[in-house]
Amino acid sequence: MENQMKRYGNLYDKITDMDNLRVAFYKAAQGKHYQDKVKIVEENCDEYLMRLKEMLENGTYHTSQYATKQIYEPKERTIYILPFYPDRIAHHAIMNVLAPIMDSFMIYDSYACRKEKGQHAGSKRCMQMVRRNLYCLKCDISKFYPSIDHDVLKSILKHKFKDKRLIALLNEIIDSTNTQTNVPIGNYLSQWFGNLYLNELDTKVKYELCVKDYIRYCDDFCFFSLDKEELRRIRTWLPKYLQDTLKLRLSKCELFPVSHGVDFLGYRHFPRYILVRKRTAKGIKKHLKETMYLLKHGRISKDRALAKIASAKGWIKHANSHHYTMATHIDDLWKEVKRYKEVQ
């Protein structure tokens, strides 16, 4: 609990350090060096980064206008897009310094956007909890990112960091939507803001309620117990806590035996085996079909097609998926693309 109480200061100069800004540029540019907007900055990198350093140091940096787009998988959401320069570089510069500190606040069983965590590690941990318990209380938050309250988030940050310039910069980014709620999906900082926001729930559950088996990934979280009544008490307590403390509401809060299977992180976890969840399985089939179509019509490279199939194979291999593997013909597709690659 020590890191939960400690407030961190003297961080702003680390953010504006030129070496940190260079690292931030390369992180923001990763996989995008072919884009014109990246090339322009890359050609005069030190000049652009010095200009960003000056903006941050004299307080004239302001979040740029957002572009937005709608996506519909797995559900309709608005994605917010900021320019590569200065915003995405600035966000990486901030998180280069803050991410290790924020990570130290997190409980062990928080698995989103953290090194050596992620979906597969979370799934493996979930499986351990399924095997040693009888019941699961599975919950998620309704419209989580759009519902994050700015005043609550600012208060959390103020209790963690005492650097006034840093707090002013973070507040400016938080308020950039000109709304009382919403941290924009698509902002690099938003996933960390969301993680820190629900860390308030995590620490309450682990250190005050003393729940042994609890796991969270973004706004999906599960409580496990041998005692059904314990989970019923949590189910009664949880909505009021979320509303009163974090101004959030649940979209799901389901209590069931683990023998029914716990649908979490793209897999369905049973005590003796694990399956790819139905929606994920359908998505993989669609993804493979699209990949082969794009390859055969020359719209993606052969190496890119192999990478996409390898990604699907990697997802499937973590489950008991012999029959599903056969049904997708993924090994045959892999061989077909390799042969296709070799004869070109």
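Colleague: What makes R51 lie over the face of Y48?

Modeller: This is a predicted model, by the way. R51 is 4.9 Å from the ring centre of Y48, and the cut-off is within 6 Å, along with within 35 degrees of the ring normal. R51 is therefore listed as lying over that face.

Colleague: Y48 and Y85 are an aromatic pair; why is the pair called edge-to-face?

Modeller: The centres are 5.0 Å apart, and rings pair within 6.5 Å.

Colleague: How do you know whether Y85 is buried or exposed?

Modeller: Its relative accessible area is 18%, and buried means under 20%, so Y85 is buried. Y48, at 17%, counts as buried too.

Colleague: And why are W237 and Y241 called stacked?

Modeller: Their planes are at 25 degrees, with the centres 5.0 Å apart. Under 30 degrees counts as stacked, so that's what this pair is. W237 and Y241 are 4 residues apart in helix α12 (residues 228-246), about one helical turn.

Colleague: What makes W237 partly exposed?

Modeller: W237 has 23% relative accessibility, which falls between the 20% and 50% limits, so partly exposed it is. Y241, at 10%, is buried.

Colleague: Which ring has the charged end of K117 over it?

Modeller: That's Y111, with the charged end 4.8 Å from the ring centre.

Notes: Residues are numbered from 1 along each chain as its sequence is written. This is a predicted model: local features need pLDDT of at least 70, side-chain atom pairs count only at pLDDT 80 or more; totals for chains, interfaces and linings use all residues. Side-chain values use heavy atoms; hydrogens and water are left out. Rings of Phe, Tyr and Trp (its six-membered ring) pair if their centres lie within 6.5 Å; planes under 30 degrees apart count as stacked, over 60 as edge-to-face and the rest as tilted. Buried means under 20% relative accessible area, exposed over 50%, partly exposed in between (1.4 Å probe, protein chains only). Helices (H or I, at least four residues) and strands (E, at least two) are DSSP runs, numbered from the N terminus.
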